[in-house]
2 protein chains.
Amino acid sequence: MSEKAERRARGGGGAARRAERTAVSLETARYIERNIPNLEILNDEALQIIEWNADTVLEEIGVNFVDNPAALDLWRAAGADVQGERVRIPRGLARQLCATAPGRFTQHARNPARNVEIGGKSLVLAPVYGPPFVRDQAGGRRYATMEDFRNFVKLGYMSKWLHHSGGTVCEPTDIAVNKRHLDMLLAHMTLSDKPYMGSVTEPVRAEDSVKMSEILFGADFVQQNTVMTSLININSPLTFDSTMMGALEVYARAGQASIISPFIVGGAMAPVTVAGTLTQVLAEVLAGVAYSQLIRPGAPVIFGAFVTSIDMNSGAPTFGTPEASHITYGAGQLARRMGLPYRSGGAFCGSKLPDAQAAYESANSLNMALLSGVNFMLHACGWLEGGLVASYEKFVLDADQLGTLHHLAQGVKMDENGQAMDALREVGPGGHFLGCEHTQANFKTAFWRSDVLDYKPFETWEDEGARDSATLAAVRVEKQLRDYQAPALDPGIAEALEAYVAGRKASEPDAFG
Amino acid sequence: MSEKAERRARGGGGAARRAERTAVSLETARYIERNIPNLEILNDEALQIIEWNADTVLEEIGVNFVDNPAALDLWRAAGADVQGERVRIPRGLARQLCATAPGRFTQHARNPARNVEIGGKSLVLAPVYGPPFVRDQAGGRRYATMEDFRNFVKLGYMSKWLHHSGGTVCEPTDIAVNKRHLDMLLAHMTLSDKPYMGSVTEPVRAEDSVKMSEILFGADFVQQNTVMTSLININSPLTFDSTMMGALEVYARAGQASIISPFIVGGAMAPVTVAGTLTQVLAEVLAGVAYSQLIRPGAPVIFGAFVTSIDMNSGAPTFGTPEASHITYGAGQLARRMGLPYRSGGAFCGSKLPDAQAAYESANSLNMALLSGVNFMLHACGWLEGGLVASYEKFVLDADQLGTLHHLAQGVKMDENGQAMDALREVGPGGHFLGCEHTQANFKTAFWRSDVLDYKPFETWEDEGARDSATLAAVRVEKQLRDYQAPALDPGIAEALEAYVAGRKASEPDAFG
C-alpha cells in the first residue's frame with residue numbers, strides 16, 4: 001500500500017477501532033494545574049532590588065538590536081534613547097510596554113482535547129529541543145536524522161505525561177538546513193495531535209510555520225487563535241539578533257506565541273552570582289517582551305529563562321546545580337510579578353549516558369521547576385549531555401518521571417475519604433491496612449506508579465537478567481514505537497500539507513550550514 | 001606494627017602532619033542552616049483537621065504499649081484510660097506532655113568541631129541505617145560483614161557533606177547478634193570523630209552504648225550532655241513494643257536523644273491516603289514523645305517519620321514518589337507546630353543498582369526533605385534496594401549530591417557583590433563574563449561542583465573508557481578507602497574501649513537471631 005493510500009485507509013471507523021484498541025497507551029494527562037504553593041526564595045526587598053537594578057541596566061547600559069533598523073525605529077518612537085544599535089530604555093518604560101501581554105493564553109492543538117492553557121497555575125510539559133546528536137543503547141551516539149526526529153515525535157505522542165509535541169526534538173541533519181523545518185513541522189502535524197512549536201531559524205521559516213498551520217487548522221482559526229508557541233532565544237548578554245527578532249516579529253504579527261528567553265551559562269553569558277544573573281535575565285526579558293508588544297500589543301509571550309551554571313575548572317556547563325535552582329526559583333517570582341507566563345526548567349543533565357548522574361541532575365531540575373511555578377517546561381524529557389544529545393532511553397525515563405510532577409501538584413485531599421478515620425477505626429493497633437475497606441476502595445488511584453522502573457522482588461529481577469534502568473527503558477522505547485499508530489487526520493489536509501512541503505522544497509536549492 | 005602500636009604512633013606531631021597532608025579530603029562542612037523557606041503544602045485548616053483527628057485516634061482508638069506494665073502505670077498516673085495493654089489518651093493530654101521536650105539540642109561529637117545542632121533551621125545528614133546486605137561493583141550483592149561496616153564508617157568520615165557517622169550503616173552479619181553492637185560502637189568511636197547513634201535492639205545494648213560513651217567522653221560529660229541520637233521505631237499502626245521502649249527508657253533517663261519514628265509503608269501500616277497517614281503519624285509521635293517525657297521531662301527527642309508508598313500491583317514499597325513527598329512535607333509542618341526537631345527523608349530508592357532509577361528516586365527524596373524542614377536526615381547516602389542493601393558506589397554518589405543541599409540552603413546573597421552591577425557595566429551587550437574582574441573574584445565559590453560526576457568533554461570521556469556514574473563512583477570509593485587515616489584518639493581511651501568490648505563479649509555466649 002502506498003503511503004497515501006495507507007493514510008486514506010485510516011479514516012472513519014478504522015480510526016475509531018484503532019483508538020479503542022490503543023486506548024490505554026494513548027491516555028494523555030491534562031496539563032498540570034497546581035494545587036500546591038510555589039517556593040518563594042526571594043523576599044520582597046530582594047525582588048525590588050533586582051527590579052530596580054534591571055531597570056538601571058536598561059537605562060544606563062541598554063541592549064543591542066543588531067541588523068534591525070526597523071526595531072530601532074520602533075524603540076525610538078516608543079521613547080527609548082537609540083545610539084547606533086544600542087537601545088537605552090528609560091526606567092519603567094519597558095515594564096509599562098509589557099503590560100499589554102496576556103497573563104495566560106490557550107494554545108490550541110488539532111485535537112481539542114489536547115489544548116493547553118499556558119499561565120496562571122498551569123504547567124505544560126514539552127520534550128527536548130535542539131540536539132544535533134541522538135543516542136540509544138543499541139546504536140550509541142550518532143548524528144540525528146529525520147527518522148530519529150519522527151521517532152521522537154511518536155514517543156512524545158505515546159507519552160501519557162507529555163502535553164506538547166515540542167519543536168526541534170532533534171536536528172534532522174540529513175535534511176538540508178533550509179528545508180528541514182518543513183519536514184519537522186509535517187511530522188508534528190501528522191504523527192501527533194498534540195500542540196507544537198514553530199520554526200525560528202529564519203523569518204521565512206516562521207512564515208512557513210504559520211502557513212502550514214493555516215492548512216492544518218484553517219486560516220481563519222489561526223488568525224483568531226494561538227496554535228504555536230515558539231522559542232525565541234536572546235543572545236545574552238543583552239543582545240537581540242535579527243534572525244530571532246525576525247521570527248518573533250512574524251509570530252507576534254500572526255498572534256502566535258513566543259517564549260522570549262535569555263540563554264545563559266552563568267559566569268560566561270551573565271555574572272557569576274545569582275542576583276546578578278537574575279538582574280540580567282529580567283532586563284533582557286523586559287526588553288524582549290516590550291519589543292513584542294511594540295510589534296503587536298497583546299501578542300502572547302512567555303517570560304523565558306534558560307539558565308545554568310558552569311564548571312569553573314573546565315568551562316563546561318553544569319546542570320541540576322543549586323545555583324541553577326536559585327535562579328529558576330527567583331526568575332519565577334519575577335515573572336509572576338510581571339503577570340507573565342513563565343518558561344524554565346527541564347530534565348537537564350551533563351551526563352553522557354542515562355545513568356545515575358543524568359537522573360540526579362534531571363530530578364533536581366524537574367522538582368525545582370515544578371516548585372518554581374514554571375508554566376511551560378521545554379526539555380522536560382530526552383535531554384542528555386548538556387543538550388547535545390537526544391536520548392531515546394532518557395526520553396522515556398524522564399517522561400515517566402513527569403508523572404510524579406502531576407501527582408505532586410495535586411496536593412493533599414482533605415475530604416472525608418482522604419481523612420480515612422474509618423480505616424483507622426477499622427484496623428486499630430497492630431492491624432494491617434491492605435485488606436481494609438478504605439484501602440480496597442482507593443488503592444487504584446492512591447499512589448503514582450512508574451511504567452518503566454523496576455519494582456520487582458530481587459530474585460525475579462535477577463532471573464530476568466538484572467537489568468538496569470537504561471535497559472528497561474530501551475525495552476519500553478521499542479514497545480512504544482512498535483505500538484505507535486498515527487492519530488487520524490483528514491486525508492485532504494494531509495495531502496495539502498505534503499503538497500506545500502514539496503512545493504517549498506522545489507522552490508530553492510538545498511543549503512547546508 | 002600491631003594495631004595498638006600503630007594507634008600510639010598516631011599521636012602528636014604525626015597527627016598534625018597527617019592532618020595537613022589530608023586537609024582537603026577531610027574538610028567537613030558544618031551542618032546546614034537553612035536560609036530558604038520550607039514548602040508548606042497544607043493550609044491551617046488542613047493542619048487543624050489532622051491534629052483534631054490525631055487526638056480522636058488517641059482518645060477513641062488508643063495505642064498499645066506491649067509487654068510493658070511499668071509504661072501502663074505511668075500512663076495511668078498521667079490520666080490515660082488503660083484497658084489491658086491499650087492506652088487511650090484524653091484529647092490534649094499527649095500534646096501537653098510533649099511540651100517539656102526541647103525544641104533543639106546539641107549533639108556533641110568527640111571532636112567539638114563536629115558537634116551538631118538538631119532543631120530550628122538546621123539539617124544534619126547521617127548515612128544509611130540497617131541494611132543486611134552490601135553491594136559494590138566488583139563484588140556484587142552479599143551479606144554485610146564487620147569489614148563492610150568499618151569501610152562505611154570510613155567513607156562517612158571522609159565525606160565532606162556528611163555531618164554524622166550514623167548507626168547501623170550495615171548489619172555486620174558475621175558477628176553474633178548479641179555482640180555486634182559493641183563492635184559497631186567501637187568502629188564509630190575510633191574510626192571517626194563525627195557524632196554517632198546508639199544501639200536500640202535491646203535495652204542492655206542501649207546501656208552498653210551509654211557506658212562506652214562515658215569512656216569516650218567522660219561520665220560527667222555524658223550525664224550533662226547529649227552525645228547520642230538513637231532511632232526508636234514505632235510498630236505502626238499504634239503499637240509500642242517493649243524492646244524499642246526499653247531502649248528509649250534507657251536513653252531518656254541518660255539525657256540522650258531519641259528519634260521517635262513511625263515506620264510506615266502507606267496502605268499497609270497506615271491508611272492509603274496522605275491525610276490519613278499523617279493523622280496516624282501524628283498520633284503515634286504524640287504518644288511516643290509524651291511517653292519519653294513521662295520517663296524524664298526534658299529528654300531530647302525528635303519527631304520522626306519514615307513513610308513511603310506501596311506498589312499496589314506487587315506490594316513492594318516504592319520510593320521517591322509524590323505521595324511520600326506529600327507526607328514528608330505535611331509531617332514537617334506538624335512537627336514545627338509541636339516545636340520539635342524533625343527527622344525524615346533520605347536518599348531512598350527501590351532500585352537494585354545505583355542506576356538512573358536509584359538517582360531519580362533519591363534526588364526526589366533529598367530535595368523534598370530539604371524543603372520539608374527536616375532537621376535530622378538518616379539514610380542520606382548509601383541506601384539501595386528499599387534499604388536491604390548498603391551500596392558502596394551509591395554511598396559516595398549520594399554523599400556528593402548532599403553538597404547540592406548545602407548550597408541550595410544558603411539562599412541568594414543580595415549584597416553588593418551578589419548584585420554584580422559592576423560586572424554588568426564592565427561587560428555590556430555581546431561581551432563575555434569569564435574574564436571580568438567580578439568573575440575572577442568570585443569563581444572559586446560561586447558554583448557547587450561535584451567531586452565524582454563527569455564534567456569532561458565527550459572525547460576525553462570516551463578516551464577514558466566511557467565510564468558511567470557507578471564506575472566513576474567505584475573509583476572514588478577505592479581512593480577514599482586508600483586515603484583514609486583515622487582521626488587521632490587518646491590511646492588510653494582506645495584501650496579502655498577495647499577492654500570494655502572484650503569484657504562484655506567474654507561475659508556471654510554468642511547468639512545468632
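**Note on the two-chain predicted model**

1. The two copies meet through the same surface, because 100% of the interface residues of chain A are also interface residues in chain B; contact here means heavy atoms within 4.5 Å.

2. This is a predicted model, in which local features need pLDDT of at least 70, side-chain atom pairs count only at pLDDT 80 or more, and totals for chains, interfaces and linings use all residues. Residues are numbered from 1 along each chain as its sequence is written, chains are lettered from A and ligands numbered from 1 in the order in which they are written, and side-chain values use heavy atoms, with hydrogens and water left out.

3. Chain A is superposed on chain B by a rotation of 180° with 0.0 Å of shift along its axis (RMSD 0.0 Å), by least squares on the C-alpha atoms of residues with pLDDT of at least 70 in both. This is the relation of a two-fold axis. The residue of chain A that comes closest to the rotation axis is A356(A), with its C-alpha at 2.2 Å.

4. Helix α14 of chain A covers residues 392–409 (helices are DSSP runs of H or I, at least four residues; strands are runs of E, at least two; both are numbered from the N terminus). Its 18 residues should span 26 Å at 1.5 Å a residue, and the end C-alpha atoms are 27 Å apart, which agrees; the expected span is 1.5 Å times one less than the number of residues. Just after α14(A), G411(A) takes a positive phi of about 70°.

5. An open sheet of four strands in chain A has the order β9-β8-β19-β18, with mixed pairing (two strands pair if DSSP finds at least two bridges between them). Its edge strands are β9 (140–143) and β18 (383–384), each pairing on one side only.
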